[in-house]
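This briefing is for a reader who is new to the structure shown below. Please look over the sequence and the model before reading the points that follow.

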Amino acid sequence: MLRWKYSRPLLIAITVIFAILPFAGDNPLSKAGLQQTMAVAFLFGALALTYDLLFGFTGLLSFGHALYFASGIYVTAILINDFNWHFLLAILGAVIFTAFLAVLTGSAALRTTGITFAMVTLAFGQAGHVVIARDFGDFTNGDDGLPVNADRLPDFFIGVVNTKYLYLLALGILVFIYFAAWWITESSAGRVFAALRDNEQRVSVLGLNPNRFKLLSFVLSAAMAALIGAAMLIVSGSASPRYASADITIALLLMVILGGPVTRWGAVLGGIVYSVLSTRLNVLSEGSAFDSLPSFIGGPLSEPAFTLGLIFILIVMFAPGGISGAYYRARFKYLNKGK
Amino acid sequence: MSTFLLILITGLGLGALYFLVASGLSLIYGLMGVLNFAHGAFLTIGAFTGLWVSTKVFPNPTTWTFIAAMIAGGITAGLFALLMEQLVINRLYNRHIDQALVTVGVSLVATALLGGWFGFDARFLPTPLWFMKAVTIGDAIIPIDRFIYIGVSAILLIAMLSILKFTRIGLIIRAGVENRSMVTALGINVRMAFSTVFFIGGFAAGVGGVLISVFSYGVSPLMGGSWLIYGFIVVVVGGMGSVAGSAIAAMLIGVTNQFANYYVPGLGDFVVVIILAAVLLTKPSGLLGKVSH
C-alpha cells in the first residue's frame, strides 16, 4: 500500500489551516492580494482535477475542455445580468446547460478516437471561442468581456475587504470537486473509466458499452468545469473570452502533467502550483529581480511561460508522473528498503 | 463578378499560407505519429529570421533580398526543427503522447524566449515596393501579394511532391507513412527519414512565417499560435500524411473562409470549424488520408 496512513488527516489539516489563515491575525494570507491569487489558484486546481478525470482516469485527450468552463462562466453571467435570475439559480442553470452542451458535443466527438477525438474537441472549443469573441447574438459583449452585475450578488462577495469570502468560496468549491471526483473515481463507473483507458476492447467484450461510459465521464467533468466557471465569475468579477481559448485547455494539460495524472491530489497541486507560479513570476518580472542579469538571459526569465515550459519539458522527459509520481516512487523505494 | 474574383484569389492566397503551415505538420504526423505543437514556433522563428535579414543584413528591400529573407527563414526554422527532433523527440521514441506534450513545452519556451528578447509588439517587415501594387484582371483590382503567396506555395508543393516521388528518401518517407514497422523490419533506417521530414516541415513553416508577416503586416512572437490551429484543421481535413490532401484542404478552407467573411464578418472562422467537424464525423481519415494511427 503506497498510501501513507496519515495522508488523509494531513490533507484535512492542510485544508483547515488554509481555511483559517485569512482570519488569524497578521500573516501573508491576511492580505487581499494573495487571497485573490490563491482563490484563482484553488479554482484552477479544481479545474485541473476535472481535466484529470477525462485525461488521466478515462484516457480521453480532449482539447476542448475550456469550452465547458467558459460556458459555466458566460451562462451564469448572462442569466444574472440579462434574465435577472438569483445567482444560485443562475449557477444551477449554467451547470445544466453545460451538461446538455456536453451531451451534444460529446456524443458527436466520441464517434472518433485518439488524436482525431482531440482534434474534434479542439474544433468545438474553437467554435465556442469564436461565438464568444465575435459576440454572435449580442449576449457575450465580445472581446471586451462581460462584467457580472454586482448588485445581483450577495454583499459579502463584493469589495476588496471581502476578498476573504471569495477565497473561502474557492476553497469550498475545490473541496467539493475533490470529494465529487473521489466519489466518481472510486464508484463502479469510475472503475469502468480506468478499464477503458487501459483496455477498451476488453470492456466491450465484457458486455459494457464503452461510448456510454466515455460520454458519462465527459459530461460529468464538463458539468463540474461549469460549476468551477461560475465560481470563477464571482471571484474575478467578469467573464472574458480568454477563458474559452485553447490556451486554457493546454494550461490544464500542463497542470495535470506537472502534478501527475491519476492521483487526484497531483492534479490539484499541479493546478495550484502552475497558477501561483504564473502569477508570481509575472510580479517578479515587473519588479527589479532580473535587472542585474544581462538582457538576453533576464528577458526570457521574466516570461513565466519560459520557466513553466522548461520545467514541463524536463518533467515529460525525465520525471513522468510529475510531482505525485516522484512522491510515490520515493515512497515505494522507502517501503522496500528493508526487504 | 469583380468582387467574386477578388474574394476567390484572396481566399486562394490565404489557402496557400495555410498550406505552408499544414504540409509539414501532415508529414510529421503521418510518418511519426507526432502531433507537433511546436510547428507554430517554427513559423515564428522563420518570421524573425526574415525580419533580421530584411532590416539588419539588407536594409534596402528588393526582390532578391526578400527571396534571401524567405530562404534564410526557411533554413533557420528547418534547423531548429532538426535540433528539436534530435534533442527531444528522438529520446521519447514511441511515446506518442509524451512527444506531443514535449512539443507543447518547446512551443511555450520558444515563444517566451522570442518575447523576452524582442517584446510582444508586432514589428513591420519591409518588403519591395511592388508588393503594394495591384493588378487588374477584367474589372477586378487584385493586390499583387496574393499571387506571391500562391506562387511560392506552388513552388514548394511541387518541390515536396518531387522529393517524395523521385528520391530514395522520399520513397522511404512514403513507405513509412503507410506502414512504418514494415519499413523498419526491412532493415531501412527510418531515423534519417524522421530528420528529413522535420527539416522539410520546418523549412516550409519558416518560409510561411516570412510570408505571413507580409500578409498580417507584422512579426510577433504570438503569431505562430493562431496559425497553428488552422494548420491542424487543414491537416485533419486533408488527411494525415498527405501533402496533396493538405494542399486541397488548404485551398478549400481559405476560399470558404473568405466567402463566409464577406457575407457575415467573423463567420469565416466558425464555418471552418464546422467543415472540420463535418469531415471528421463523415470521413474520419480526412479527404486523402492514408494513415490510421
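The structure is a predicted model. Chain A has 14 helices and 2 strands, while chain B has 11 helices and 2 strands. The contact between the chains takes 34 residues from chain A and 31 residues from chain B.

**Chain A overall**

- A compact globule of 339 residues would have a radius of gyration near 20 Å, and the 21 Å of chain A agrees with this.
- Taken along the principal axes, the C-alpha atoms of chain A fill a box of roughly 55 × 50 × 45 Å.
- Of the 339 residues in chain A, 47% are buried.
- Among the contacts in chain A with a separation of 6 or more, 76% are between residues 24 or more positions apart.

**Chain B overall**

- The C-alpha trace of chain B spans about 60 × 45 × 35 Å along its principal axes.
- Buried residues account for 54% of the 293 residues of chain B.
- Of the contacts in chain B between residues at least 6 apart in sequence, 78% join residues at least 24 apart.

**The side of chain B that touches chain A**

- The contact draws on 31 residues of chain B, and three helices, α4 (96–118), α9 (223–238) and α11 (267–282), each supply at least two residues of this side.
- The largest share, 14 residues, comes from α4(B).
- By class, this side of chain B has 22 nonpolar, 6 polar and 3 charged residues.

**Two helices packed in chain A**

- Two packed helices are described by the angle between their axes and the distance between the axes.
- In chain A, the axes of helix α4 (residues 87–109) and helix α9 (residues 210–236) come within 8 Å and cross at roughly 145°.
- The crossing of α4(A) and α9(A) is right-handed.
- On the α4(A) side the contact is made by A:I91, A:A94, A:V95, A:T98, A:A99, A:A102, A:V103, A:G106 and A:S107.
- On the α9(A) side the contact is made by A:L215, A:F218, A:V219, A:A222, A:A223, A:A226, A:L227 and A:A230.
- The residues of this contact of α4(A) with α9(A) comprise 14 nonpolar, 3 polar and no charged.
- An α-helix has 3.6 residues a turn, so residues three or four places apart point the same way.

**Helix α3 of chain A**

- Helix α3 (residues 65–81) of chain A has 17 residues, which at 1.5 Å a residue should span 24 Å; its end C-alpha atoms are 25 Å apart, which agrees.
- In α3(A), 16 of the 17 residues are buried, so this helix is largely enclosed by the rest of the structure.

**Helix α8 of chain B**

- The 26 residues of helix α8 (residues 190–215) of chain B should span 38 Å at 1.5 Å a residue, and the 37 Å between its end C-alpha atoms agrees.
- Because 21 of the 26 residues of α8(B) are buried, the helix is largely enclosed by the rest of the structure.
- B:A193 lies in helix α8 of chain B and is buried, with 25 other C-beta atoms within 10 Å.
- Not counting residues up to four places away in sequence, B:A193 touches B:L31, B:I169, B:I172, B:I173 and B:G176.
- B:A193 and B:I169 are 24 residues apart along the chain, and their C-alpha atoms are separated by 6.3 Å.

**Loop residues of chain A**

- A:N209 sits in the loop between α8 (200–205) and α9 of chain A and is exposed, with 11 other C-beta atoms within 10 Å.
- A:N209 and A:V256 are 47 residues apart in sequence and 27 Å apart in space, C-alpha to C-alpha.
- A:V262 is placed in the loop between α10 (246–259) and α11 (265–286) of chain A, and A:R264 lies in the loop between α10 and α11 of chain A.
- A:V262 is not a glycine, yet has a positive phi of about 65°.
- A:R264 is likewise not a glycine and has a positive phi of about 65°.
- A:V262 counts as partly exposed, with 19 C-beta neighbours inside 10 Å, whereas A:R264 is buried, with 21 other C-beta atoms within 10 Å.

Terms used: Residues numbered from 1 in each chain as written. Chains lettered and ligands numbered in written order. Predicted model: local features only at pLDDT ≥ 70, side-chain atom pairs only at ≥ 80, totals over all residues. Axes fitted to C-alpha atoms, helices over the stretch in contact; angles between N-to-C directions. Helix = DSSP H or I, 4+ residues; strand = E, 2+ residues; numbered from the N terminus. Left-handed = near helix turned anticlockwise from the far one by under 90°. Contact = placed C-beta atoms within 7 Å. Nonpolar A, V, L, I, M, F, W, Y, C, P; charged D, E, K, R; others polar. Buried ≥ 20, exposed ≤ 12 C-beta atoms within 10 Å, placed from the backbone. Expected span 1.5 Å × (residues − 1). Rg over C-alpha atoms; globule rule 2.2 N^0.38 Å.
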